[in-house]
Amino acid sequence: MKNRLLFIVVTIFLSGLIQAKTLKVGVYSAYPHIFAVNEEITGPAINYIEEALNQAGLKYEFKMIPIKRGLKQLENDKLDLLIGLAKTQERQDRFSFIKTPVAISSPCLITKKSNTLSKKQVLGLGGELLIPGQFITDKRVKELLKKFKIASVHDRKPLKAMMSILTFKEDVYGYFQLCDENFFDHYDFRTIPLFGLKTYYYIGHSRALNPVIVQKVNKALKDLNTKGSDYSYYFKKFSSE
């Protein structure tokens, strides 16, 4: 009986510590997913992570930080979480990851439904290509799109701005990283996947972080994704409001 009572007391005490702790959540500038406006950190990725952390019942504060410095601080336990990391062996040797991914990158081109050219024909002809405020860093993508003249669309709602331009201009293409077959159906556009492979992005966490907090965050992400409120949902909502 005493052991059981002690277990309950310790559980309540630890629960109180978890709820009282304010997580230090690192984010890096990755327009149009995460960016700052008048020193306010915003973007669809922020909305998505906020919802997950709120559902987990956790306190938190965001800190905008260059990614290299963020990786170092995560490794040294100066950050609790760092958002939007691809897994590599080198990173897994330095810190840990929440199991559920926060985003899946599957690059594609966007064009009008009336465009019936094959992917090979489109890539061979090239043309004007709009990017919603993001730079292409993947060497494979750069090579495939080498015949395109790239123009970056900068706007608080970059995807909405890009869609508006594509609607009224002929023979203009768009490029997007987070793509699935149904992503642009409500815009009545055709998507052309560039690769069959996908890149998964996760939340990195300090190895000193309480395992209960790690479990809470993972469960919240899984619950959101199961309900259809994954990152793609938040991106579309943020971009179309």
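How accessible is Lys169, as a relative accessible area? Lys169 comes out at 36%, which makes it partly exposed. On this scale buried means under 20% relative accessible area, exposed means over 50%, and partly exposed falls in between, using a 1.4 Å probe and protein chains only.

## Ground rules

This is a predicted model, where local features need pLDDT of at least 70 and side-chain atom pairs count only at pLDDT 80 or more, while totals for chains, interfaces and linings use all residues. Residues are numbered from 1 along each chain as its sequence is written, and side-chain values use heavy atoms, with hydrogens and water left out.

Helices (H or I, at least four residues) and strands (E, at least two) are DSSP runs, numbered from the N terminus.

## Salt bridges

Back to Lys169: its side chain meets that of Glu128 in a salt bridge (3.7 Å, N to O). That term means a side-chain nitrogen of Lys or Arg within 4 Å of a carboxyl oxygen of Asp or Glu. Lys169 sits in the loop between helix 7 (158-168) and strand 11, and Glu128 in strand 9 (residues 127-131), so the pair links parts of the chain 41 residues apart. Glu128 is partly exposed too, at 29%.

The whole structure holds eight salt bridges. Another one joins Asp80 and Lys21 at 3.5 Å, N to O. Here the link spans 59 residues, from the loop between helix 3 (67-75) and strand 5 to the loop between helix 1 (2-20) and strand 1 (22-27). Asp80 is buried at 10%, whereas Lys21 is partly exposed at 33%. Then there's Glu143 with Lys146, whose closest N and O atoms are 2.8 Å apart. Glu143 is partly exposed at 47%, and Lys146 is exposed at 57%. Glu75, Glu90 and Arg94 are tied together in a salt-bridge network.

## The largest pocket

On a 1 Å grid over the protein atoms alone, a pocket is an open set of points with protein on both sides within 12 Å along at least five of seven lines, a cavity is a set where a 1.4 Å probe fits but cannot get out, and lining residues have an atom within 4 Å of a point. Points are joined across faces, edges and corners, and a volume is the space filled by probe spheres set on them.

The largest pocket has a volume of about 820 Å³. Its lining runs to 34 residues, with Tyr28, Ala30, His33, Gln177 and Tyr201 nearest the centre. Strand 5 gives the largest share, four residues. Elements supplying at least two residues include helix 2 (44-55), helix 6 (139-144) and strand 13 (199-205). By class, the lining has 21 nonpolar, 10 polar and three charged residues; Ala, Val, Leu, Ile, Met, Phe, Trp, Tyr, Cys and Pro count as nonpolar, Asp, Glu, Lys and Arg as charged, and the others, Gly among them, as polar.

## The second largest pocket

The second largest pocket comes in at about 260 Å³. It is lined by 14 residues, and Ala103, Ile104, Asp230, Tyr231 and Ser232 are the closest to its centre. Strand 7 and helix 9 (231-240) are the elements giving two or more residues. The lining splits into eight nonpolar, three polar and three charged residues.

## Strand 8 and its partners

Strand 8 (residues 108-112) is mostly covered, with five of its five residues buried. Strand 8 runs antiparallel to strand 11 (residues 172-176), joined by three bridges; two strands pair if DSSP finds at least two bridges between them. Cys108 has Phe176 as its bridge partner in strand 11.

Strand 8 also pairs with strand 12 (residues 189-193), again antiparallel, over five bridges.
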